[in-house]
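Open the model in your viewer and keep the selection tool at hand. The tour goes from one selection to the next.

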Amino acid sequence: MKKISILALITSLFVSAIAVANEVNIFNARHYKADSELYSKFTNMTGIKVNLINGKSGALEKRILSEGADSSADLYITADAGRCGAMDAKGALQGGLTSAAIKDAVPKSFRTSKWVGIAKRARIIYYSPERVSGAELSGMTYEGLADPKWKGRLVIRKSSNIYNKSLVASLIKNNGKKATAEWAKGVVANMARTPTGNDRAQIMAVAAGEADIAVANTYYLALMLSGKKGAEQQAAAKKVKAFFPNQNDRGTHMNVSCAALVKGAPNKANAVKLVEFLLTPESQEHFTNNTFEFPMIDGVSPSPLVVNNLGLDFKQDMKTKLASYGKNQAAAVEVMTAAGWK
Amino acid sequence: MFRYLNIWFFSSLFVSLIIIVPILTVFSSFFENTTNYFEILKNTFLFEYTLNSICLLVSVLFLTFIIGTGSAYLVSFYEFPLSNFFKWALILSFAVPPYIYAYSLTAFFENYGTAYTILKNLFGEANYNSHIPKFDGMLGSILSISFSLFGYVYILTRASFLYQSQQLIDLGKNLGFNSYKSFYSIILPSARPAIVAGLSLVAMETLAEFGAVDFFSINTLTTGIYNSWIAFDDLAFANQLSFFLLLFIFALFIIENLSRRKAKYHFNSRGGFKRKEKFRLSKSKALSAFIFCFLVFFLSFLFPLSQMLYWTIKFPENLFDLDIINLLLNTIYLVFLSSIILILFSLISNYGNRVSNNKILNLLSTLSISGYAIPGVILAVAFITFIAWFDETIIKTLGFLSIKKIFFGSILGLVLVYFIRFYSLAFNGIKSGYEKININVDESAYLLGYSKRKTFINIHIPFLRNSLLFVGILISLEIIRELPITLILRPFNFETFATTAYISASEDLLEAAAVPSLFLILIAAFFIMITSKYILRDNNE
């Protein structure tokens, strides 16, 4: 008898619930506490259960692709437009994010019918006001990072980092592959150290005097200033200032966290509902106040920490289509590797 | 021929088949054309990955050798303050997986990290950052892996020292050897098989290491496989890298097996030796020995533990964000399910080998322990590749429903790949237990009219109790710490301490990673403490 009950227990554990439920399945590569709070709110409002599988973007994409038409994934949410674009290129997505609510909320260059941006971030330059003068920075562009005057003064993450891949992909889109290859060599020559650490580590390297300028995303400085990372980092963040490049031409490089509709999604309607929910002013406000990203929709302002310390009035690059990040990603990796960008 | 075909044969065949599948998948795609990527860059990467792997391997082996044999030598031969405490406390290092060690290193030494805070509180505000050494990248990976894995060398070497012949050492003394000379010319050489066995385990784990090197973005063959599969969609290139890696690993595997055989011979010949007496060290030497062991204990266990504890206290909100009960239940669930299945099948195979004494069966079981030599990342990738292929070409062609859902993102798939990876732990553990039961015991039992089943249940199992417990603990420790397989194959809404820590860390939320890391260390340390006497083998005789 004992044996049978153990056996029954084991089998029941293996067989996952097959019953069709009112749910939506998210393959999630964004792991902010704020997100799970929003999902609970969504469940409370609609009764739709949100199932999550968390992971890094690459591994999640592989699972969606290997599962193919049988995938249980409805939405794929990740923090880089290049990843959504790449999934689209592989034919893993389907159209359907075309409701009026979505189209009205999100500017055209930040969405396709298969994926939409849900929160914005800019990849900008941080500098030490003690060691970098206003004149030196005046008119500074991403292209200018290769200028020999920054020799031994620049820190930036590894080439394997997804935000760098998207930034370089946007440069390839705007300046061509050949010019970008030359640019990458210049950047590598200017590096103050072999790339190491995350975005926050780059900002702290400037604060600690290891370098004069750093490239990192906007929300990291706000995160440090918020005190959520401790008093030391809060003090460090105050030693660094933000600069938005390319203000005199196309604008600062923007990236998004995006939600993509997976082909064969078993709960397509619920998935669309969730995306619409994430684009409501309440959800957007929740994002801006907790993850310190920029809102995707008009009418919501960024967190005061972002506004006061980074400034609000900067020209965003609204011209370069985010879909090009995915298309040029392989070329970006090639260019950076060839330049010896670790 | 057909007399071989009994239940034991089929169960061994079944196990071997399951395990051989991922290996075959890797090898079969070796000759495929690699696509989507640029040949020249591939060659650059291949060179860089291989070089990094070798650099990591050599440095880790060197460090673990020094730390492992050094501390084992001190606690086995000498008496000094707390030497009996260090004897078991040093194995607590197993509770800290390399990736958590990596988080601790970063947290402590980074700009404005814990070291900075300590200096600031002691000496006031100043720019200490440029004076604090940075342990990241390759150096960080080497330290993380070494302090987490030296325990293999320590445990095996210590066991070998423990049974070394006192006569041999006395002989050295009579020949006028001082303690250095007897260490180099007697003690070390006779412990060689054990040291080699420990080092080859370290080597396999180092080559398979994923979490720490991924955290420090060091490209080794293993992370290269993962990245070329994921970033470049180049399964064929990933498999080619796997092939190179497997060549490395199989060489190690063979070395390990050979040295294990020798080690066994060595252990078996210990009967009749008199118990070794420990030397009491003079004050200054005792102090040095104490400092060495304390440093190892501090660096390998206390340091990561206190860094994680400090962060948990400093950022307490993370403690409340985490559903600890749920994580604990998930971890325990995986541990129990996998342990039961692994132990069950290893018992069957071992028992089958014992009663049937069949050469083919023996060969099959040797084959089926090779899973441990394959990194978890590769196993998971190969598993997905194989199931997807099998589903598309066979199951669907035959008109059946897709089987992918049964294996991807299910506990079944997860436990199956754990099974492949950790089968050798269970099999070898139980095998060494069986070797201690004389075959005459079985024959006497049959003479007394016991059936095979009764012999198994009433005689073997009680004899094997310690081995089973030991194997259970080993598997539990591995599964509590396991990262890549769980990460790739786990179901919806299913997290363990390891995956939670990894995901927070990869999102630049190291503070949030501290809480699951702390719990992981505590649980693993608890497991180690309650069974330290089995791990140290003090009790087995």
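Select helices α19 (residues 411–435) and α21 (residues 452–481) of chain B; helices (H or I, at least four residues) and strands (E, at least two) are DSSP runs, numbered from the N terminus. α19(B) and α21(B) are roughly antiparallel, because their angle is about 155 degrees and angles over 145 count as such, with 65 to 115 roughly perpendicular, under 35 roughly parallel and the rest oblique. Their axes are 9 Å apart; axes are lines fitted to C-alpha atoms, for helices over the stretch in contact, and angles run from 0 to 180 degrees between N-to-C directions.

This is a predicted model, in which local features need pLDDT of at least 70, side-chain atom pairs count only at pLDDT 80 or more, and totals for chains, interfaces and linings use all residues. Residues are numbered from 1 along each chain as its sequence is written, while chains are lettered from A and ligands numbered from 1 in the order in which they are written.

Next, show the residues where the pair meets: among them, F422(B) and L425(B) in α19(B), and F470(B) and L474(B) in α21(B). Contact here is C-beta atoms, placed from the backbone, within 7 Å.

Move to chain A and select α7 (residues 162–175) and α8 (residues 177–190), whose axes come within 7 Å and cross at roughly 135 degrees. α7(A) and α8(A) are therefore oblique to each other. V168(A), L171(A), I172(A) and N175(A) of α7(A) meet K177(A), A179(A), T180(A) and W183(A) of α8(A).

Finally, display both chains: 40 residues of chain A touch 42 of chain B. On the chain A side, elements supplying at least two residues each include α1 (2–14), β2 (49–54) and α16 (329–338).

Technical notes:
Two residues are in contact if their C-beta atoms, placed from the backbone, lie within 7 Å.
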